[in-house]
Every structure is written in C-alpha cells, then in structure tokens.
Amino acid sequence: MREHRRRGMGASPTPARVLTSLCREPQRARLGDRRDRRIWVGLMMVTKLLRRYPFTVGGLAMIVVVGLVFGTFTTAVEDKPWSEAVTYGLPAVIEGRWWTILTGLPFAITPLCYIAVLGSFAAFVGFAEHRIGTGRTVVAWALGHVVGVTGALLVLLAVDGPLADAGDVGPSAGTMAVAAIVTATLAPRARLVIRIGLLAYVVGSILIIGSLADLLHLVAVVAGLPLGSLFTRRARPPADADRALDLLRRHGGGTLSWMTTWPGAEYVFAAAGDGFLAYRRHAGVAIALGDPVGSAGWRRAAHAEFTAHCRREGLVPCWFSVGEATADAVGTRRVQVAEDTLIDLPELAFRGKKWQDIRTARNRAAKEGIEFRMVTLADADPSVIAQVRQISASWLKSKHTPELRFTLGGVDEAMDPRVRVGIAVDADGTVHGVTSWLPILDETGHPRGWTLDLMRRREDGFRPVIEFLIAESCLLFQAEGAQVVSLSGAPLVRTAGGPAGLLQRGLDLGGRLMEPLYGFGSLHAFKAKFQPRREPLFLVYRHAADLPRIGAAITAAYLAKPTVARRLAQPVHSGATTAPAAAMPSATTRSQVKPAVAANHRPAELITVT
C-alpha cells in the first residue's frame, strides 16, 4: 500500500512540486543565456582585436600554437632533436642553414622565456600597430628582425668572442626594433624617457648577461631609433591638398599661404570645415608654415588644435614665419626669424630721388631693347622654359651651396599654371632674367596681391634685370587692381633697433655668418630699393629645450629635396570673368595696361605676346 502510494505520488506530482519545477526552469534558461552571452561577447572581443591588431593577434597565436604542437612550452628548444633546423647564429650561417633566420621565429629558447616573448610581442608590437598601422608595423618588425640578426652576426664575425658558437630563436629582435621605432610617436618627454630606458636595458643586458639574444636586442634598438621618423611619416592625400586649396579660395590668405599648397605639406583641418593649418614634418618636429587659413574663429583656435594634433602624433610643435597676431594667439615664446617686405600698390609711382635706381633700370632696359613679358611658364615656348631652367641652374652652380626649399620655390613651383612669371627678353629672344609671383587670395578667390618667389638673372645678361622685372610687375599688378606686393621675407634678417634677447642676438649673428654663403642680408638690402614697409615674421615655440630639434628640423626643411611631382591644375580663377585679375592671362604686355594708372610706362618698350 505504501509502495503504491510512492508510485502514485511519483506519477501524480503535487501542486507544490509543479510550482517548484516551473520556478527552476527560467533559472536554467537564464544560466544558459548568460553562458551564451559570455561566449558571444568573447567572440566579439576576439573578432574586434583581430580586426584592429591582426599582426599582433596572429603572431601571438602562431607562437602559442607552434609551442604547443612542438612541445617547447615544456622542453627547451636545444633539447629537441631538430633544434639545429630552427636555431640561428654564426654556426648556422657557416654551415649553410641561412633559413633558420625564418624557421626560428615562432619559438622561445626555454619554456620560461615564453613569458617574455609573448608579453613583449603583445605590448610593443600591439602598441606599434595601434600607433603606425598594421602595414608599417609588419615592415618595421621584419626589417628589425633581419637587421638585428644579420647585424649581430657581422659583429661576431668582426670580434671573435664567446658568443661565436651561440645560437638563438624567437622574434624578439624585431620586437625590440619596433619598440625603438614607435617611440617616435610619443610626446617629447615620454619619448626621451622610453628611449633612455630601452638603451639602458639593452646595454645593461649585454654587459650583465651577455647572451646572443642581448646582442640581437642591442643591434635592433640602435638600428631602430633613427628609423622612427621614417615609419611615422604620413603621406599627404591629394584630397587634403585640394581641400586646403578650396578653403584658401573661400577665406583668402596671407603672403605665405600659397606655399601651403606645395608638395610635402600636411594639414590640420578645422572640425567645422572652416579652415586649415599647414605644416611640414622633419626630425620629429611639426613646423607650421605661416598663419592659419580660415574663419576668424578658426584662426583663434588653430594653435590649440595644432598642439593637440602634435601631441597625438608625438611631434614637437612650432610655428614658423607667422605674423604678430598668430604669435599673440599662440602665446608662448617667440623670436623674429624674418621680415616681410610689402609694397602698397594703389599709390605706387616711381617718382623722386629715392626711386632713382628703379627709373635707371627701366630706362636702360628701354635703350637696350629689353622687353618685359608676363607669362604662364607652363604654357610658354619650350625655348623660353629651357632658358629659364638653364639660368636657374647656372645661378645655383655659381653659389656653390645646396638649393634651399621650404619657403623658397624654384622653377618647378614656377611651372604651376596658377603662378605668374615675369621674364625679360631681348630682340634675339634671349631671356635675361625671370621672376615668379604667387597669388595672395582674398575671400572671393581673386588675387588681392602677389608674392615674389623665384628671382634669377643671366650671369652675363642685362645687369639691373631684377629691378626692371619687379618694377614692371608691380605696375602691371597695380593696373589690374591688386592692392599689395610682397617681396618676401629674407631669413635671419630684421630691421635694427628692435628688442633683442640672447636668442635673437644669436640668430642675428648666425645670419651674418651665413651671409657669404646665402646673402640674406644683401637680399634684404636690395629689396629696400622699393621702399617697402616691413612686418616681422616670428618663430613661435613652447620651450627653450625644443630649440635644438626645431633648428635641425627647419634646416632639414630648407635642404629637403622635393619628392612629390607637382600637380598641374587649372588657374585659381578659371571660373571668373568679371575682375581683371581673375583672368590670369598667360601673357601680358605693357600695351595692355591702363594708361591712366601706368603713366610711367612707355608702350613702345614692350611687345605683345600671342
């Protein structure tokens, strides 16, 4: 009877048991959901890491899998019968096993070393992949591994020592090289501390432990440190240059703004799309060139955005050849590095004793049959282009110094169809001199003025040809309605009498010492013939400690070779038809100048160019 009741109770559960069972089912379901959710989150994290750090995750996975498959997590590589097939070193090279530089990569020399190998690879390679991207990290690591191993072997060949018979495995040479390279992306103080730490580690290890791995690390770090700027340099997308030019057309710019469109510039754009700041990257320094371009709000905020950008990129910021307003906005230390020379065109007339040299140059040109032509050099006759290039090459050869770039353009910049070029030609078609003029745009995209860039004269030609070319160009621009001409600022010169601290006096002395080579002072004195007004241009910097690197970077910028071919484009004002300046004619003669404005012109002095 009792047994019957037990079976009956089992077959017919009581309401209490039914209720308990129903309460437990959702709990089991929730536990299953939590497990599924954790699995799903884990998979998502792995997918995200693999997508963001594919080389780091893939490398770590390969090291772990190879270690598990070949048993090197529990047994040292040297105890394996196949160790010679994966151990690189001088014996392997001598015996012809050169491939060990590759086959030894996914191992650690002992089981305990896996901690260091995996940890350093995850930390250094992962950080590099985050800072400089996957492609560059792969190249940096591979190059570092090859250089580290081969460099160490060359050292062993040159210096016979106890490591001559040693061998090693693993990816740590490439890892240490990547660690050295990626320091270039850090802020200056952090970069200095980390580099000192890396050098102290590798030097200390080779002195205290003295293994082959320590020698590999030393070579890899020493080789990787100077390569940092190479791997962290970013190419300028053409779209950025087009965007900068569009903003320059919309907002106008200063006397140096056109130079921001030259190859080699990088940009910081306003988040609101209403401006940009251009800079050059050299020696871990970002050199902002000229004043920011854009709205008033952006010009006030640009220095803070630029500083933040440099902090993210691990660069030292500085502002070069900026006006007083920008220097005040930045609000840090400054020193005058140049002086812009400006001619106000509306009232320009070459009258009076102070203009005697200019009138003499123009009169002599008329007597000797020298004619002035304003052309688009890219569209000029090939013989004219060839002569301009020959004049420039001869001029540079006579100086016995490298051609300066950065804020000083050459014939390649003059070949831009948006740049106007004045040439002086005699009756035989010989070009005696050339000047190029960069547009100073207003808010409508039209030139409110022009900046003198290239100046070259034939060595045996008409002597005052540059005075003649500048004078004729100024009168032409005046007739077209332009307001100002900048004769550009000669570096390292300034009008005497201004405040001069220790640094300023040092720069003044440097300018005098460089005078025999580059003639900055003579150039400044020459421009004084045109009675310009002067505006100081400053170098603005954060700390005196930054100055050595800034000086090296600016020197590198001036001596840098152009690496990007110039993109030919339509004239800046190709869509305009109303303003005289908008046409930017490919050839202009004095016969096209308004008689009322150009009263000093003699129409017979020039010919019409078709």
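**Close-up views of the predicted model**

View 1. In strand β15, Leu537 is the bridge partner of Ala338. The model is predicted, and local features need pLDDT of at least 70, side-chain atom pairs count only at pLDDT 80 or more, and totals for chains, interfaces and linings use all residues. Numbering starts from 1 along each chain as its sequence is written, and side-chain values use heavy atoms, with hydrogens and water left out. β15 (residues 533-541) runs antiparallel to β8, and nine bridges join the two. Strand β13 (residues 484-486) also pairs with β8 in the antiparallel sense, over three bridges. There, Val485 is the bridge partner of Ile343. Pairing here requires that DSSP finds at least two bridges between two strands. Strands are DSSP runs of E with at least two residues; helices are runs of H or I with at least four; both are numbered from the N terminus. β8 itself spans residues 333-344 and is largely enclosed by the rest of the structure, because nine of its twelve residues are buried. Buried means under 20% relative accessible area, exposed means over 50%, and partly exposed lies in between (1.4 Å probe, protein chains only).

**View 2. Strand β9, covered on its five residues.** β9 runs from residue 371 to 375, and five of its five residues are buried. Glu371, Arg373 and Val375 point one way, while Phe372 and Met374 point the other way. Strand β10 (residues 420-425) is an antiparallel partner of β9, with five bridges between them. Glu371 stands opposite Val425 of β10. Glu371 and Arg373 also meet through their side chains in a salt bridge, 3.8 Å from N to O. A salt bridge is a side-chain nitrogen of Lys or Arg within 4 Å of a carboxyl oxygen of Asp or Glu. Glu371 has a relative accessible area of 14%, so this residue is buried. Arg373 has 18% and is buried as well.

View 3. Ala365 lies in α15 (residues 356-367). Its relative accessibility is 0%, so Ala365 counts as buried. Not counting residues up to four places away in sequence, Ala365 touches Ile370, Phe462 and Phe468. A contact means heavy atoms within 4.5 Å. Arg463 is 98 residues from Ala365 in sequence, and their C-alpha atoms are 9.7 Å apart. Arg362 forms a salt bridge with Glu472, with the closest N and O atoms 2.6 Å apart. This pair links distant parts of the chain: Arg362 belongs to α15 and Glu472 to helix α18 (residues 465-479), 110 residues apart. Both partners, Glu472 and Arg362, are buried.

**View 4. A loop held to helix α18.** Lys529 and Glu467 form a salt bridge, with 2.7 Å between the closest N and O atoms. Lys529 lies in the loop between α20 (520-527) and β15, and Glu467 lies in α18, so the pair ties together parts that are 62 residues apart in sequence. Lys529 is partly exposed at 26% relative accessible area. Glu467 counts as buried at 10%. The structure holds 17 salt bridges.

**View 5. Cysteines without a disulfide.** The structure holds zero disulfides. A disulfide is a pair of cysteine sulfur atoms within 2.5 Å. Cys310 is in no disulfide, and the nearest cysteine sulfur, from Cys318, is 8.4 Å away. Cys310 counts as buried, with 0% relative accessibility. Cys113 is partly exposed at 29%.

**View 6. A nonpolar patch on the surface.** Val203, Leu207, Ile208 and Ile209 form this patch, with about 470 Å² of accessible area together. Patches are made of residues with over 30% relative accessible area and no salt bridge; like charges are joined within 9 Å, and nonpolar side chains (Val, Leu, Ile, Met, Phe, Trp, Tyr) within 5 Å. Accessible areas come from the Shrake-Rupley method with a 1.4 Å probe; for residues, only the protein chains shown count as cover. Ile208 sits in helix α9 (residues 188-208). This residue counts as exposed, at 73% relative accessibility.

**View 7. The whole protein, for context.** The protein has 21 helices and 16 strands. Of its 610 residues, 48% count as buried. Among contacts with a separation of 6 or more, 74% come from residues 24 or more positions apart. The accessible surface comes to about 29700 Å², and 62% of it belongs to carbon and sulfur atoms.
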